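Visitor: I am new to this kind of model and would like to learn how to read its features. Could you take me through a few of them?

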Amino acid sequence: MDGPVPLSSLVCVPVLLPLLAAGVKLAIGGRLRRLQSLISLVTLGLSLAVSVLLLVAADTSGPLVTDLGGWAAPVGICLVADRLSTLVLVVSSAVTLCVMAYSVANSYDEQEHDAPMAIFHPAFLVMVAGVADAFLSGDLFNLFVAFELLLSGSYVLLTFGGTEARIRAGATYTLMALASSMLFLIALAITYGATGTLSMAQLAERFATLPEQVKLMVELTLLLAFAIKAAIFPMSAWLPDSYPTAPAPATAVFAGLLTKVGVYSIIRLEALLFPSGPVSTLLMWVALATMLTGVLGAVAQTDMKRMLSFTLVSHIGYMVFGVALSTVAGLAGAVFYVVHHITVQTSLFLVVGMVERRTGTTSVTRLGGLMRAAPLIAVLFFVPAMNLSGIPPMSGFLGKLMLVQAGLADGGWLPVTLVAAGLVTSLLTLYAVAKVWGKAFWRGPRADRMGRVVESEEGTGEDPVVTTTAMPAALPLSVAALVTLGLSFTVLAGPLSALAQRAAAELMAREPYISAVLGRHP
Amino acid sequence: MNSVSLLPFAACCVMITVGVTLLLERSLVRVLAGVIVLGNGVNLLIVTSGGDAGGPPFVGRPGMADPLPQAMVLTAIVITLGVTAFLLAMVHRSWQLTGSDEVQDDTEDRWVRLRLRRGELGDAVRARRDAYRRLVVEQRAELANLEAEQAERERLEEADLERRISRVHNELEQWATRLREQGLPEEELQLRLEEAGLRDDTGALSNLERIEQLREEYERRRARQAGREKELFKQLKARQKEARKQMRTAIREERERQALAQDPELEGDD
């Protein structure tokens with residue numbers, strides 16, 4: 001290692017590099033497709049490498065801090081890479097790299113459309129930069145900017161192509177996101193009015209001196225803003241409504257990362273700014289409601305994308321539960337679950353994108369016989385689906401086990417109820433994915449829809465759906481890489497959970513973060 | 001800490017209220033206006049939270065304004081501008097596609113409504129089937145009534161016939177007894193009886209003929225009755241058929257209406 005100085009200046013790379021690449025790609029426009037793909041992949045690969053480097057550094061020598069703009073921490077804006085942020089950053093970089101490879105492979109057969117490359121990639125890269133910025137941000141206002149960055153990218157991706165269904169879904173999504181942003185801004189105004197700072201490290205110290213009521217108001221406003229982003233129960237209705245209409249790679253990365261940014265912010269909020277607040281009980285209840293309503297919604301769906309969106313909502317409940325426990329074990333479980341869930345949910349959505357490419361539909365009432373017709377897709381669906389529903393020894397099981405142990409260790413009646421609800425949710429998730437598996441893959445074929453052009457319904461304004469059996473090798477490879485990453489969490493469960501424990505301990509201690517940012521222990 | 005001046009704060013409250021109210025509208029243009037007003041209200045709130053306006057900078061007077069909220073507000077304004085531009089493009093696209101700027105109901109809502117309509121259709125079909133069944137039961141009861149009436153009438157007629165036959169028999173007996181009392185030997189009596197038959201004894205003949213006539217009349221009535229019953233049954237069948245046809249047409253119409261209302265986004269749901 002070269003020492004902490006050059007390493008800490010690397011902290012801004014995962015944010016700046018994708019932004020730079022997005023600018024370059026916008027300048028290139030629709031030309032030079034191969035170069036374009038290369039730029040995207042190299043950028044994301046570099047981000048991944050830097051993230052891994054940062055993770056190792058943060059794990060061995062404590063949080064790394066970069067002050068931006070030459071102003072020191074409490075006044076200027078800083079990026080902080082501690083164990084939690086670098087861990088999620090590594091996973092998110094790996095996932096975005098796979099998704100980018102998938103979308104590059106997916107668009108090779110659409111040579112006549114120049115627009116996807118010219119708009120999709122820059123928007124995607126801007127979103128990735130926003131996600132990285134949100135993870136690394138050490139300042140609440142910078143967190144807001146990061147949210148806006150990733151949201152503007154996601155607005156473009158969600159309404160991609162401007163079809164009627166996407167515009168409708170986009171209206172819901174955009175307005176929900178805007179409402180949440182406005183709430184966040186209001187919370188920022190209140191916070192600044194009350195404390196005179198927005199640097200998280202300084203806020204962590206100043207909140208301690210505030211009256212309880214003011215603290216509670218700030219905490220609840222911030223929590224509400226983040227909860228909308230994370231799709232926690234009363235604020236989760238927008239998610240299953242808007243995600244399924246977006247293009248597959250976009251949905252995959254939304255599902256994997258955007259809600260987790262909300263969860264990450266809640267973890268930061270609860271652990272760093274408001275430790276041991278009175279909000280834990282409230283969080284437990286909303287976690288319970290999120291788990292159960294989400295999974296019941298998933299059971300009722302007949303469309304694969306909608307089903308997955310509902311399981312996404314439901315499993316956010318597990319992470320919120322881990323945060324609400326506010327113990328090291330609970331936080332560690334939540335962190336482990338975030339890592340697991342990013343990978344698994346993304347790979348599932350990508351596989352569903354492959355199903356749609358192959359058959360032209362994702363509705364299980366029309367699908368059938370995919371096991372015979374496309375065994376590779378079947379395997380790629382089955383493994384993460386079982387992983388999601390928590391079949392031992394996969395990481396879904398391990399994550400739930402950590403949370404269950406943490407909940408039982410707490411011992412109160414509410415955590416124990418939540419543990420029971422978590423197990424029921426897990427079982428119902430298994431039921432939901434098994435239903436989809438049985439209908440779409442296991443039963444006999446419904447109708448011969450493979451390998452031909454299916455005319456779209458009149459008035460939807462969509463292009464005819466082109467289904468194809470041609471499968472560029474990079475497509476299953478990118479998904480297989482993600483599935484393997486998900487499986488590797490089982491093999492690496494020991495080191496990974498130890499890392500999650502260390503990250504949680506660091507979060508609960510608070511002191512390393514604060515002193516690193518404020519430069520007390522150089 | 002600076003105190004917050006009341007007027008800007010009141011302005012924030014009003015603007016945020018107006019913004020939220022507009023945000024809850026269905027029309028996207030109103031929503032856009034709401035976003036703009038709400039954004040400005042929130043930005044004003046940030047400036048307000050920064051404290052007093054303070055004196056001019058660079059002059060060296062004490063009590064300059066806090067520069068941080070102003071920097072933040074600049075950022076927020078730029079972001080609001082970008083989002084507004086995007087929203088405007090989206091509204092325009094929505095208007096291009098659908099000719100209106102109203103937000104459609106979400107998929108789940110439409111699905112629930114579709115299921116409700118299907119439930120209503122099911123109820124209508126069930127109601128019709130029940131009505132049909134009731135009709136059949138009524139007509140059966142009617143038929144049974146008619147049959148019972150008929151049986152009663154036949155029974156009465158039969159009894160009447162029996163009575164008449166027995167009266168004729170009685171008369172015959174009396175006549176025979178009278179002859180016996182006059183001391184007529186049995187052979188003579190039998191002979192007389194035969195003679196009465198041969199000689200067209202008015203009393204005996206009329207009795208026998210009457211029995212025959214009555215039988216014939218009974219048969220005729222029976223046949224007429226059977227014809228009427230058959231007619232009635234036919235009528236009943238035709239009525240039932242009509243009812244069934246009506247029910248089928250109604251169900252088909254309902255189905256067609258539903259097929260027209262099929263939603264492309266909900267395809268495959270049942």
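Visitor: Which residues have the most contacts inside the largest nonpolar core?

Guide: A nonpolar core is a set of buried Ala, Val, Leu, Ile, Met, Phe, Trp, Tyr and Cys residues joined through C-beta atoms within 7 Å, where buried means that 20 or more other C-beta atoms, placed from the backbone, lie within 10 Å of a residue's own. Here the largest core has 220 residues, and A:L188, A:V320 and A:V335 have the most contacts inside it. Helix α14 of chain A (residues 328–359) gives the largest share of this core, 18 residues; helices are DSSP runs of H or I, at least four residues, numbered from the N terminus.

This is a predicted model, in which local features need pLDDT of at least 70 and side-chain atom pairs count only at pLDDT 80 or more, while totals for chains, interfaces and linings use all residues. Residues are numbered from 1 along each chain as its sequence is written, and chains are lettered from A and ligands numbered from 1 in the order in which they are written.

Visitor: Why is A:S497 counted as buried?

Guide: A:S497, which lies in helix α20 of chain A, counts as buried because it has 21 C-beta neighbours inside 10 Å. Leaving out residues up to four places away in sequence, A:S497 touches A:A332, A:F336 and A:M402, contact meaning C-beta atoms within 7 Å.

Visitor: What do the buried residues of α17(A) pack against?

Guide: Those buried residues, A:M402 among them, pack against α13, α14, α16, α18, α19 and α20 of chain A. After α17(A) comes A:G411, whose phi is positive, near 85°.

Notes
A residue is buried if 20 or more other C-beta atoms lie within 10 Å of its own, exposed if 12 or fewer, and partly exposed in between; C-beta atoms are placed from the backbone. Helices (H or I, at least four residues) and strands (E, at least two) are DSSP runs, numbered from the N terminus. Two residues are in contact if their C-beta atoms, placed from the backbone, lie within 7 Å.
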